[in-house]
Amino acid sequence: MTEPKDQQALAGGLSSAEAARRLQQYGPNALEEKQVSALRRLLGYFWGPIPWMIEVAAVLSAIVQHWPDFWIIVALLLFNAGVGFWQEYTAGNAVEALKKQLAMRARVLRDGQWQEIDAKLLVPGDIIRIRLGDVIPADVRLTEGDYLSVDQSALTGESLPVTKRSGDEAFSGTVAKQGEVIAEVTATGKNTRFGKTAGLVEQAHTVSHFQKAVLTIGDYLIYVSIALVAVLVLFQLHRHAPWLELVQFALILTVASIPVAMPAVLSMTMAVGAMALSRLKAIVTRLESIEEMASMDVLCSDKTGTLTQNRLTLGEVELFSAADPQEVILAASLASRAEDRDAIDLAILQGLEDPKAVDRYRQTAFVPFDPVHKRTEASITDADGKAFQVSKGAPQVIMAMSALSDEERQRANKVVDDFASRGYRALGVARKAEGDEHWTFLGILSLFDPPREDSAETIAHACAYGVKTKMVTGDNVAIARQIAQQLGLGSNILKADILPVKKDGSEDAAGAEAVEKADGFAEVFPEHKFAIVKLLQSRDHITGMTGDGVNDAPALKQADVGIAVSGATDAARAAADLVLTAPGLSVIVNAIEEARRIFERMNAYAIYRISETIRIMFFVVFAMVFFNFYPITAIMIILLAFFNDVPIMTIAYDHTGLEKQPVRWNMRQVITVATAMGIVGVVGSFGMLLLAMDWLKLDVAQVQTYVFLKMAVAGHLVLFVARTRGHFWERPWPAPVMVWSAVVTKVAATILAVYGFGLITPITWPEVALIWGYSIASAFVTDIVKVQVYRHLQHRVPRHRGFLQRLKRPLHTAASRS
């Protein structure tokens with residue numbers, strides 16, 4: 001919101017009364033923050049469809065006094081909530097970090113006197129003074145003073161300071177590098193460009209595809225379980241079974257089939273993956289982002305400081321009167337002053353082959369750069385006492401004061417144009433001996449912000465993994481195109497002002513397609529970065545964004561995977577899902593590899609969990625329908641949950657294959673494969689039951705133990721089958737901890753089945769041997785069926801690609817648009 005110019009205010013500043021009125025009208029010059037208590041955040045993890053299901057199951061278990069089941073369910077619920085809450089707590093608050101970036105004090109003209117006040121008390125219409133080194137406290141319009149050189153890289157990503165003159169605007173949060181001016185405040189707080197950046201961070205919101213996948217799997221299991229329990233209850237009521245016994249068993253069976261442990265197991269898998277990533281110098285602040293990184297197919301990367309070094313470097317030197325490039329660089333160095341820490345001066349001084357060469361000269365006078373004269377000038381005396389002058393600056397200015405022929409002038413203009421077309425900044429260098437009338441034009445220097453050494457290699461590796469990198473920068477199109485070509489990104493660079501974002505927030509389809517095809521974007525502000533991410537998400541892309549500045553925070557928060565690079569600001573780190581602690585982007589490729597391995601583990605567990613539910617539910621319900629007895633007792637179901645689900649957490653350490661393309665949850669494939677495996681398990685279980693009843697002639701209590709041990713042994717073997725798309729005996733082999741957890745729990749289940757310990761009826765060792773042999777044979781049959789189902793699904797993909805795309809799109813785009 002802009003306050004109109006007030007001539008009285010400009011003359012003597014606002015009165016205290018008027019400033020107080022405007023403070024009431026516009027609010028403090030600070031970012032608003034909505035505080036959410038830690039308790040409320042924690043309670044949020046107990047609210048939602050899956051927590052509701054688990055909580056209802058716990059309450060029902062307490063009502064019928066199934067206390068072991070009750071405590072198992074409660075423990076898993078608390079574990080899952082604790083993992084999620086801790087990750088959110090350590091992630092930090094992006095708005096709080098943005099607040100720390102604001103200037104704390106400001107020099108303001110009030111009641112006709114200059115005074116220093118808290119920056120949060122500034123109001124539109126205030127007159128303030130800005131000097132070298134100041135953080136500009138609000139959006140302002142320059143009113144008096146020659147010029148102000150402003151570093152606005154934290155806001156726009158531009159690699160070079162920008163010169164502002166009287167009448168120009170300067171933005172809150174940027175830093176004054178040279179000059180001193182008087183300015184009028186035009187916007188404060190949330191109405192500044194900086195404040196709008198913070199507002200975008202708060203607006204940014206995505207729903208994890210992982211969360212949607214868990215809900216989809218949970219819904220499928222619940223519908224199957226409720227339908228089967230309903231069938232069971234109807235049949236048993238028809239047979240006049242005891243009501244209380246029936247309700248208790250149906251409850252335990254339902255609880256066993258609800259994926260109580262699924263969120264905990266998947267969170268554990270991602271937490272272990274997060275620890276592995278931390279060893280690779282990548283800190284995960286949001287667990288679900290690991291799954292998103294495995295699916296990521298577009299990476300939007302900030303240029304300055306991310307793809308490039310954010311350090312001006314000397315490039316080519318075009319010679320005119322100088323004998324060699326070092327002569328030009330030495331003259332330019334003598335026209336510089338290292339103590340000013342100017343980016344251009346430092347780049348030139350670093351270009352000297354012999355840094356001590358300048359020590360042989362003495363600088364007797366120095367005129368700094370200013371936007372009016374556009375050059376620096378120094379008077380120099382050499383070791384022999386000879387005096388001369390050197391100057392560097394805008395090529396046109398240096399050319400105008402030098403004695404150049406028409407041919408040399410045309411050549412110089414061509415060199416400057418060539419450097420500009422390649423995104424380089426050009427500097428003219430001249431020298432004048434004492435007593436000479438004209439300057440001697442020595443040559444033209446080029447300056448640029450070079451790419452990081454590993455950027456091109458990282459981009460190529462990401463491309464090999466199916467991830468397209470797009471560059472996003474505040475620099476102009478020429479610089480963006482030059483860097484993009486050097487890094488192998490392409491030359492299709494879009495200017496940000498043509499981004500197809502309509503005022504009502506909708507997207508233009510044709511424009512969104514242009515964004516999708518672009519190799520990069522130039523002259524970008526925070527709202528543009530935010531829009532780029534939203535547009536790509538609307539085109540069904542899982543989008544990553546890297547950055548390091550305040551300007552990147554909204555897009556980092558909105559992106560499916562926000563990545564703050566090494567040296568990033570607090571605001572960027574707080575908004576990101578992944579924080580890199582080592583320089584460069586090479587760790588991103590390692591993170592993609594690790595994320596895809598983690599995804600394979602989660603996918604394997606999902607298939608296992610669905611197939612196990614089908615195997616247990618269908619077998620138990622149909623056995624009761626056909627044979628009119630409980631094939632397994634309630635305590636056995638609880639023991640099965642312990643012997644199968646709790647050790648299953650070792651899947652977090654499993655060895656997996658590495659996909660070369662982005663991976664996504666394919667619910668059709670997961671449910672089809674799991675259902676096929678589950679059906680094989682049901683058939684195998686009935687075969688085992690008939691062996692026990694008709695061949696071994698066991699009584700009901702022994703049959704129940706028999707079935708319990710078969711389900712315990714075969715259940716864990718199903719995980720080894722589910723963990724790979726190929727045959728389970730092929731590489732990669734399971735992790736040792738996974739094998740040993742299976743061995744220990746199955747040996748424990750076997751000992752329990754043989755000795756009973758008062759919990760179940762014991763069976764003999766020969767019967768145990770038969771169960772083990774039958775279960776291992778069933779695992780081989782299940783594996784063969786699984787491989788055939790995968791092959792069938794792969795063969796159907798080309799003919800039904802449209803159907804699959806429609807099936808996948810709701811799962812991915814709904815989250816992005818919510």
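These are my notebook entries on a predicted model of one protein chain.

**Ground rules**

I number residues from 1 along each chain as its sequence is written, and side-chain values use heavy atoms, with hydrogens and water left out. The model is predicted, so I take local features only at pLDDT of at least 70 and side-chain atom pairs only at pLDDT 80 or more, while totals for chains, interfaces and linings use all residues.

**Whole chain**

I looked up the secondary structure first. The protein chain has 30 helices and 23 strands. These are DSSP runs, numbered from the N terminus: helices are H or I with at least four residues, strands are E with at least two. Next I checked burial. Of the 818 residues, 55% count as buried. Buried means under 20% relative accessible area, exposed means over 50%, and partly exposed is in between (1.4 Å probe, protein chains only).

I then took the accessible surface, which comes to about 34800 Å². Carbon and sulfur atoms account for 58% of that surface. The areas come from the Shrake-Rupley method with a 1.4 Å probe; for residues, only the protein chains shown count as cover. For contacts (heavy atoms within 4.5 Å), I counted pairs at least 6 apart in sequence, and 74% of them join residues at least 24 apart.

**Nonpolar cores**

Which residues touch the most other members of the largest nonpolar core? I found I290, L578, L580 and W665, in a core of 76 residues. Helix α24 (residues 586-627) gives the most to this core, with 15 residues. A second, separate core has 46 residues, including I616, M617, V620 and L698. A nonpolar core here is a set of buried Ala, Val, Leu, Ile, Met, Phe, Trp, Tyr and Cys residues joined through side-chain atoms within 4.5 Å. In soluble globular proteins, nonpolar side chains tend to be buried together.

Leaving out residues up to four places away in sequence, I290 touches M270, G273, A274, L277, V284, A595 and I598. I290 is one of the buried residues of α12. Helix α12 (residues 288-295) has 8 of its 8 residues buried, so the helix is largely enclosed by the rest of the structure. Its buried residues include the charged-type names E288, E291 and E292.

I also followed W665. W665 lies in the loop between α25 (634-644) and α26. W665 is buried, with a relative accessible area of 1%.

**Second largest cavity**

I found 4 cavities of 30 Å³ or more. A cavity is a set of points, on a 1 Å grid over the protein atoms alone, where a 1.4 Å probe fits but cannot get out; lining residues have an atom within 4 Å of a point. Points are joined across faces, edges and corners, and a volume is the space filled by probe spheres set on the points.

The second largest cavity has a volume of about 80 Å³. Which of them gives the most? Helix α27 does, with 5 residues. By class, I get 6 nonpolar, 4 polar and 2 charged lining residues. Ala, Val, Leu, Ile, Met, Phe, Trp, Tyr, Cys and Pro count as nonpolar, Asp, Glu, Lys and Arg as charged, and the others, Gly among them, as polar.

A714 is one of the lining residues, and A714 sits in helix α27. Is A714 buried or exposed? A714 is buried, at 9% relative accessible area. Beyond residues up to four places away in sequence, A714 touches R615 and S775, and both of these also line the cavity.

**Loops**

H727 is in the loop between α27 and α28 (736-755). H727 is buried, with a relative accessible area of 17%. Leaving aside neighbours within four places in sequence, H727 contacts D783 and V787. P732 is in the loop between α27 and α28, and a cis peptide bond joins R731 and P732, with omega about 0°.

K281, in the loop between α11 (262-279) and β10 (282-284), has phi near 70° and is not a glycine. K281 is partly exposed, at 45% relative accessibility. E523 has a positive phi of about 55° and is partly exposed, at 31%.

Terms used. On a 1 Å grid over the protein atoms alone, a cavity is a set of points where a 1.4 Å probe fits but cannot get out, and a pocket is an open set with protein on both sides within 12 Å along at least five of seven lines; lining residues have an atom within 4 Å of a point.
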